[in-house]
Amino acid sequence: MGKPEGIIEDYLIKQAENHDSLCYKFTSPGKRGVPDRIVIGHGYTVFVECKSPTGTTRKQQDFRIKEMRDHGALVYVLNTKPAIDDFFEKLIKHEL
């Protein structure tokens, strides 16, 4: 079994496949704290930061998430399998 955050990220990837969505690894050279993943599907492009069930975002991540949201981006922090399931249910229903 891998690290708890890796388990959550792997589950996100698998659920994206199961819900006819893309899930790309996201990096932004020169910009620390950007979300881990981009999920594209059902008319949405969403940035996702994966955390372990007990993990929290760092100050730099909080800054980037707020910055991105202030510019109109959809950004989610997901830390459990049920949260990921709920995310995809909302994505499919266009309720994000």
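I call a residue buried under 20% relative accessible area, exposed over 50%, and partly exposed in between (1.4 Å probe, protein chains only). I am reading a predicted model, in which local features need pLDDT of at least 70, side-chain atom pairs count only at pLDDT 80 or more, and totals for chains, interfaces and linings use all residues. Residues are numbered from 1 along each chain as its sequence is written, and side-chain values use heavy atoms, with hydrogens and water left out.

**Entry: helix α1**

I took helices (H or I, at least four residues) and strands (E, at least two) as DSSP runs, numbered from the N terminus. I started with α1, which covers residues 4–18. The expected span of a helix is 1.5 Å times one less than its number of residues. For the 15 residues of α1 that gives 21 Å, and the end C-alpha atoms are 21 Å apart, so the two agree.

Which residues of α1 are buried? I found Ile8, Glu9, Tyr11, Leu12, Gln15 and Ala16. Looking down the axis of α1, I saw these buried residues fall within an arc of 160°, so they line one face of the helix. The arc is that of the directions from the helix axis to the C-beta atoms. Asp10 and Glu17 are exposed and sit on the face turned away from the buried side.

Next I asked what the buried residues of α1 pack against. My list reads β1 (22–25), β2 (37–41), β3 (44–50), β4 (74–78) and α3 (81–93); contact here means heavy atoms within 4.5 Å.

With 67% relative accessibility, aspartate 20 counts as exposed. I noted histidine 94 too, another residue other than glycine, with a positive phi near 60°. Histidine 94 lies in the segment after α3.

**Entry: aromatic rings**

I paired rings of Phe, Tyr and Trp (its six-membered ring) if their centres lie within 6.5 Å, calling planes under 30 degrees apart stacked, over 60 edge-to-face and the rest tilted. How many aromatic pairs does this rule give? The count comes to three. In one of them, tyrosine 76 and phenylalanine 87 have ring centres 5.4 Å apart and planes at 65°, so the pair is edge-to-face. Tyrosine 76 belongs to strand β4 and phenylalanine 87 to helix α3, so this pair ties together parts that are eleven residues apart in sequence.

Is phenylalanine 87 buried or exposed? At 2% relative accessibility, phenylalanine 87 is buried. The ring centres of phenylalanine 87 and phenylalanine 88 are 5.0 Å apart with planes at 80°, so this pair is edge-to-face. Phenylalanine 88 is buried as well, whereas tyrosine 76 is partly exposed at 24%. Tyr76, Phe87 and Phe88 form one aromatic cluster.

**Entry: nonpolar cores**

A nonpolar core is a set of buried Ala, Val, Leu, Ile, Met, Phe, Trp, Tyr and Cys residues joined through side-chain atoms within 4.5 Å. The largest core has 15 residues, and Leu12, Val39, Val48, Ile84, Phe87 and Phe88 touch the most other members. The elements giving two or more residues to this core are α1, β3 and α3. Leaving out residues up to four places away in sequence, I saw phenylalanine 87 touch Val39, Val46, Val48, Tyr76, Leu78 and Leu96. Another core, of five residues, lies apart from it and includes Ile38, Phe47, Ile65 and Met68.

**Entry: salt bridges**

I counted a salt bridge where a side-chain nitrogen of Lys or Arg is within 4 Å of a carboxyl oxygen of Asp or Glu. That rule gives eight salt bridges.

- Glutamate 67 bridges to arginine 64, with the closest N and O atoms 2.9 Å apart. Both lie in helix α2 (residues 59–70), three residues apart, about one turn of the helix. Glutamate 67 is partly exposed at 30%, but arginine 64 is buried at 10%.
- Lysine 90 meets aspartate 86 at 3.3 Å, N to O. They are four residues apart in α3.
- Lysine 93 meets glutamate 89, also with 3.3 Å from N to O. This pair lies in α3 too, four residues apart. Lysine 93 is partly exposed at 48%, and so is glutamate 89 at 44%.
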